[in-house]
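Subject: Structure for you to look at

Hello,

Here is the structure I promised to pass on. Please open it first, then read my notes below.

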Amino acid sequence: RCKNLSVSFWNSYWMLPSDVCGMNCFWEAAFRYDYMKNHPSERMHLAVVACGERLEETVAMLRSAIIFSIKPLHFHIFAEDQLHESFKHILDEFPYEGKVNYTLYPITFPSESAAEWKKLFKPCASQRLFLPLILKNVDSLLYVDTDILFLRPVDDIWSFLGKFNSTQIAAMAPEHEEPRIGWYNRFARHPYYGVTGINSGVMLMNMTRIRRKYFKNDMTPVRLQWGEILMPLLKKYKLNITWGDQDLLNIMFFHNPESLYVFPCQWNYRPDHCIYGSNCRAAEEEGIFILHGNRGVYHDDKQPTFRAVYEAIKNYSFGDDLVHSLLQPLEQELQKTTHTYCGRVYKVFIKQLTKSIRDLYARRSKGR
């Protein structure tokens with residue numbers, strides 16, 4: 001699948017250089033194969049929360065998940081009531097081929113504190129904190145922000161569930177790789193995980209374990225379950241938190257570090273990884289796996305590399321040739337962004353995407 005894969009119809013120009021894969025790719029592919037072999041009919045559950053003007057952005061994220069993923073997907077879409085019909089109309093037109101199901105949910109918070117949770121940070125953002133309590137029949141879940149784009153199969157991040165040790169309940173990426181530009185280690189007025197904190201825009205959860213766990217905390221010597229700890233945390237720290245629910249998660253995992261699996265930065269690649277110079281070495285070596293366009297960079301001209309990827313996936317038509325309709329036009333647009341710091345490393349934006357397209361065509365050629 002990696003270095004020695006031969007696809008007869010593939011133009012050699014688009015083949016990845018051999019040093020991209022090597023033994024790391026071999027072992028990664030072997031692990032993924034074993035995990036998928038042992039979970040052949042498993043449906044992957046992906047959740048997103050959409051409020052305000054986030055419809056188009058959310059649909060682009062869902063499209064990117066569908067393009068490359070292998071196992072079936074179930075989307076859990078939490079959205080304001082006025083967005084439901086639009087979501088249904090768009091999603092019902094997708095060519096799922098039996099691969100994708102979805103469920104739409106209203107935005108709901110505990111009734112006694114709904115107004116307080118809804119206004120925390122951005123509208124509806126804290127909904128993610130209550131997913132383990134709402135989706136009681138879902139064992140594991142990948143939560144993503146609306147401004148996420150998958151550049152490789154969801155299956156690959158889903159397989160991290162098989163790497164959790166007996167104490168780990170969730171997985172996230174660090175907020176920063178470079179402490180000199182880190183936010184938490186320079187400005188936070190509350191506890192946070194690790195050296196630079198964690199970013200909750202991509203959060204993989206074993207929800208069964210989350211619901212069962214009793215969490216250590218700095219409010220009482222008694223350990224509290226997920227549903228018991230959220231409001232006390234908010235009450236204690238609401239005057240000291242800036243990033244809302246993400247700050248609460250940082251506090252929680254500061255006190256329970258054994259419960260978190262940390263995945264590398266290319267699984268949650270954000271503008272901070274390149275706007276001051278490239279500082280995600282894993283992405284430089286392997287490419288970006290999941291692109292996170294926070295700070296609204298998909299919709300302005302401040303970071304044209306991020307916007308180019310977003311526009312390419314948003315405008316791609318299912319069934320079109322991915323090389324000529326997505327990859328080649330995208331590379332041409334990215335070459336126009338080399339006047340920016342992110343544009344100088346534009347190849348990290350297409351390295352993994354190239355491999356994902358190659359792998360997809362290889363699976364199709366084998367009749368999968």
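In which loop does Trp 267 lie? Trp 267 sits between strand S10 (260–262) and helix H11 (281–286). Bear in mind throughout that this is a predicted model.

**Trp 267**

Is Trp 267 buried or exposed? Its relative accessibility is 5%. The cut-off for buried is under 20%, so Trp 267 counts as buried. Leaving out neighbours within four places in sequence, Trp 267 is in contact with Arg 152, Asp 156, Ile 157, Phe 160, Val 202, Phe 289 and Ile 290. Ala 282 is 15 residues away from Trp 267 along the chain, and their C-alpha atoms are 9.4 Å apart.

**The sheet**

Next, the strands. Seven of them form an open sheet, in the order S3-S2-S1-S4-S7-S6-S10. The pairing is mixed. Strand S3 (100–105) and S10 are at the edges. Each has a single partner strand, so one side of each has no neighbour in the sheet. From one strand to the next, the twist averages 25 degrees. Helix H10 packs on the sheet and touches S6, S7 and S10. The direction of H10 makes about 65 degrees with that of S7.

**Strand S1**

How many of the residues of S1 are buried? The count is 7 of 7. Met 44, Leu 46, Val 48 and Ala 50 point one way from S1. His 45, Ala 47 and Val 49 point the other way.

S1 has these pairings:

- S1 pairs with strand S2 (residues 73–79) in the parallel sense, over 7 bridges.
- Met 44 stands opposite Leu 73 in S2.
- His 45 has His 74 of S2 as its bridge partner.
- S1 and S4 run parallel and are joined by 2 bridges.
- Ala 47 has Tyr 143 of S4 as its bridge partner.

S1, H2 and S2 together make a right-handed β-α-β unit.

**The nonpolar cores**

In soluble globular proteins, nonpolar side chains tend to be buried together. Here, the largest nonpolar core has 42 residues. Which of them touch the most other members? They are Trp 117, Leu 141, Met 205, Leu 230, Leu 248 and Phe 253. Strands S1 (44–50), S4 (140–144), S6 (170–174) and S7 (198–206) each give two or more residues to this core. So do helices H8 (207–212), H9 (226–237) and H10 (245–255). H9 supplies the largest share, 7 residues.

Phe 253 is worth a click. Not counting residues up to four places away in sequence, Phe 253 touches Ile 169, Ala 170, Met 172, Tyr 193, Ile 198, Ser 259 and Leu 260. Another core, of 39 residues, lies apart from the largest one. Among its members are Val 154, Trp 158, Leu 161 and Tyr 261.

**Helix H13**

Last, a helix. H13 covers residues 322–334. Its buried residues are Leu 322, Val 323, Leu 326, Leu 327, Leu 330, Glu 331 and Leu 334. In an α-helix, residues three or four places apart point the same way, because there are 3.6 residues a turn. Which helices do the buried residues of H13 pack against? They pack against H2 (55–68), H12 (304–315) and H15 (348–365). Asp 321 caps the N-terminal end of H13. A side-chain oxygen of Asp 321 lies 3.2 Å from the backbone nitrogen of Val 323.

Best wishes

Terms used
Residues are numbered from 1 along each chain as its sequence is written. This is a predicted model: local features need pLDDT of at least 70, side-chain atom pairs count only at pLDDT 80 or more; totals for chains, interfaces and linings use all residues. Side-chain values use heavy atoms; hydrogens and water are left out. Helices (H or I, at least four residues) and strands (E, at least two) are DSSP runs, numbered from the N terminus. Buried means under 20% relative accessible area, exposed over 50%, partly exposed in between (1.4 Å probe, protein chains only). Contact means heavy atoms within 4.5 Å. A nonpolar core is a set of buried Ala, Val, Leu, Ile, Met, Phe, Trp, Tyr and Cys residues joined through side-chain atoms within 4.5 Å. A polar contact is a pair of N or O atoms within 3.5 Å; within protein, one must be able to donate a hydrogen and the other to accept it, and residues adjacent in sequence count only if both atoms are side-chain atoms. Two strands pair if DSSP finds at least two bridges between them. Axes are lines fitted to C-alpha atoms, for helices over the stretch in contact, and angles run from 0 to 180 degrees between N-to-C directions. A crossover is right-handed if, with the strands pointing away from the viewer, the path from the first strand over the helix to the second runs clockwise.
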